[in-house]
Amino acid sequence: MRRTGVEEDGAYRVEVLPGIDAVPEALWRALAPADDPMWSRAVFAAMERAAIGPDAYAYLVVRHAGRPVAVLPLSVFRGLRADRIVGPRERRLLAPVSRVAPRLLRVPTLFCGHLLGQGHVLGGLGARADGGAPARVLVASVLEYARARRLGTVVFKDFAPDELAPLADALRDAGFFSVPAMPDTELALPHSSFDDYVAALPAKPRRNARAKLRRFAAHRPALRIEVLDDFAHLVPAMLGLYRQVMDRADQALDELDAAFLTALRPAPGLRVRLVACFEGERLVAFLLCLFSGTGATGARIGLDYALAHDAHLWHNVHYAAIRLALAEGCRHIRFAQTAYVPKVELGCGLVAQRHAMTHVRPLPRALLRRLLPPALGAALTDALGPHADRLPAPPGPGATPPPPHPESRRAPCPE
């Protein structure tokens, strides 16, 4: 496979690898977060085998004196639809353009990090006292890669504020600016059982949880929840339920397809389970759950909205995922972005994230810098609703730009 050296700075050099199969397995295993299943090599392999949005993938590998020390995944969108990734208010404003001249809304974009999860530079680059050389090399390589492929917009997507701190000076000097991103949601699991988890909730969420569990139980035996290791036969039904969620989503950067769900299977360091809710033999809800080390992720959900409200399907597949995570010995489970009000009621905390963005040309960069921060800040406030004050304060003036991304799709809570 073709490997291309891009930038050099003293003992540091970056090469571009064309796919996950070109990244040495031992290197990925050594650098990827052990307790984040979204960063399993198998997830990236499934993404590359599917058609979930990007036109191409690549991986930048930073080498120090010939030894690999960091990896940054890249996702290429040659014609990203701007009206699919903004909020409802902005989409209404863009609707006339979408009807008359849809090509004007296609934005060639390079995303850095993880398209489906929280962003990282694997290896971090944070423990090196060498004047920021690896960060400069990495950022310069990203921009060179974007220019060579005529990708104007560059986004370090969905990074926790401290994740890009080692890159902050290099990003600022290269013209990147920081914008708000939708936070992830994470539930800590210091409990020995599901009953202990429910008992530890504050009084009102505890009463609500028990009421929703009772209402679901009242629908039995018509409704039942099963946990499946093998769900290939359910993929067509899953896609139909997933489509119902996506049709109600505010944003859609990526969309899972049958190829992704079929390719995603257990692998070293990754356990894959499906929380499936049936009405008789018909699938009516699911939550795809991934496990790695002591971490879990409720990755994607599907719902039959004809039943979702009365049977509290959203809540009960999440309760089942929490039971499963506890049984797997996990210490936390992430449910990503979306539906913040019910997830806070589940006991989730908000994991702050930001994007670092730029454009390779000065004028579009100036427009983005002026327009995006207030627009994304307003969208974030709207999405969080009464829980906006749970996020830590954003960086002050002059602070380094830390990045993450809006998990592409923000699906509403069905209840």
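Partly exposed residues lie between two cut-offs: buried means under 20% relative accessible area and exposed means over 50% (1.4 Å probe, protein chains only). The model is predicted: local features need pLDDT of at least 70, side-chain atom pairs count only at pLDDT 80 or more, and totals for chains, interfaces and linings use all residues. Side-chain values use heavy atoms, without hydrogens and water, and residues are numbered from 1 along each chain as its sequence is written.

**View 1. Arg 334 and Glu 186 form a salt bridge.** A salt bridge puts a side-chain nitrogen of Lys or Arg within 4 Å of a carboxyl oxygen of Asp or Glu. Here the N to O distance is 2.7 Å. Arg 334 sits in strand 12 (residues 332-334) and Glu 186 in strand 7 (residues 177-188), 148 residues apart. Helices (H or I, at least four residues) and strands (E, at least two) are DSSP runs, numbered from the N terminus. Arg 334 is buried at 16% relative accessibility. Glu 186 is partly exposed at 26%.

**View 2. Arg 243 pairs with Asp 247 in a salt bridge.** Their N to O distance is 3.0 Å. Arg 243 is partly exposed at 33%. Asp 247 is exposed at 55%.

**View 3. A salt bridge joins Asp 304 and Arg 282.** The closest N and O atoms are 2.8 Å apart. Asp 304 lies in the loop between strand 11 (295-303) and helix 11 (305-311). Arg 282 belongs to strand 10 (residues 282-292), and the pair is 22 residues apart. Asp 304 is buried at 8%. Arg 282 is partly exposed at 39%.

**View 4. Asp 229, Arg 271, Arg 273 and Glu 328 form one network.** Salt bridges that share partners join these residues. The whole structure holds 17 salt bridges.
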